[in-house]
Amino acid sequence: MSAPVRVWLNRTYAENVFFIEQLRDAPRPIEVHATHVDPDSPVLAAADVAALEPEGLAPDEYVAFALEYCARNSIDVFLPRLNQLAISLHHKDFQDVGTALACPPATAISAFASKVDGYAAIASAGLPTPPWWQVRNAAELLDAVSQIEAADGVPCLKPASGAGGEGFRVLTREPFGLDRLAGAPNAHVQLDQVLAAMDASDAPVDLLVMPYLEGPEVSVDCLADRDGTVITAIGRTKHRRRRSFTTAPRYLEPATRLVEQLGVAFLSNVQFRHHHGEPVIIDVNTRPAGGLHQLRLCGLNLPWNTVQLALGETPTPGPADKLAGIEYTLVSGVQPVLPRPVPQAVERVPVAFERAEAAVNAAV
């Protein structure tokens, strides 16, 4: 029996237990390593080898930790999420310890380091974005809101940097009422409260404001080779609870064009909503999406294909042969995992940093 391919996922979101599940469906044995700061992370429980990460590391310190972890555990393929940009900048150092990085080059990652940078990159590729305003004070916010309302739009805001819809709010001029205390919480916030908070804050403000965009949301998962050439791309349509797949050119063609122009190698995700009925790109993730595992319903295993790419092999995902008529919903459930001891804190971290930093300096 051939030796297992050792694959490491560093600190990542809980839904990647399904990513790990798909790796176990590979035709070759895989030994999955996972690290996290939360000992209760489901990803740790799902992995073959689990360990706690040290907390509070600066990006360069984290790179040193990661290099030492890869060298000590003979990691073949590393799929970084946390500190992805800093890790990508040291791809040669990881190569020197025998580890292949499965992430885009630093140039592609930095293009989407913030939503402001991302929208500029999308526009430079000649692709559509929603109308948007970057605001840093109350006067700029009020001006942006007024312009959106003048065009009969509903203003929304979100942080200039962030992920997973964190910080998204719908702005309203209606006064706060007791009806807001009934029912489920929602994303609406009073404009006058936000303006007052911005005026009173000593901290820097960096927000994006744009009109509320129509659904459905379409999330295109892309797998590209090391040069950024797209091997396969499939859209997942999300409308409330209902999900389906799409290969409509109005989504796949701009997603493919963006990935290839910016060289977004390996797994990425391009998200669309609609403005006046036309698709616009609202976000680009230079990492696998949390919902990537849903593509197993149409016969694809992109996690395994990504590992193949990192190992220098040519994956053949095959056509998505089960698209027609598939509709599904997502529900919460119990994820069974083999019981394992809670991982202990990583030992001798300062010593490991010294060794890894010396290796980096020598390589430079």
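Biologist: What is the strand order in the open sheet of six strands?
Modeller: In this predicted model, the order runs β15-β14-β11-β12-β13-β16 with antiparallel pairing, where strands are DSSP runs (E, at least two residues) numbered from the N terminus and two strands pair if DSSP finds at least two bridges between them. Local features need pLDDT of at least 70, side-chain atom pairs count only at pLDDT 80 or more, and totals for chains, interfaces and linings use all residues.

Biologist: And which are the edge strands?
Modeller: Those are β15 (278-285) and β16 (327-328), each of which pairs on one side only.

Biologist: How many bridges join β13 to β16?
Modeller: Two bridges join β13, residues 242-246, to β16, and these strands run antiparallel; Ser 244 has Glu 327 in β16 as its bridge partner. Residues are numbered from 1 along each chain as its sequence is written, and side-chain values use heavy atoms, with hydrogens and water left out.

Biologist: Changing topic, where is Val 154?
Modeller: Val 154 lies in the loop between α8 (138-150) and β7 (155-159), the helix being a DSSP run of H or I with at least four residues.

Biologist: Why does Val 154 count as partly exposed?
Modeller: Because its relative accessibility is 42%, and partly exposed covers what lies between buried (under 20% relative accessible area) and exposed (over 50%), with a 1.4 Å probe and protein chains only.

Biologist: What about the whole chain, what share counts as buried?
Modeller: Of its 364 residues, 50% count as buried, and the secondary structure comes to 12 helices and 16 strands.
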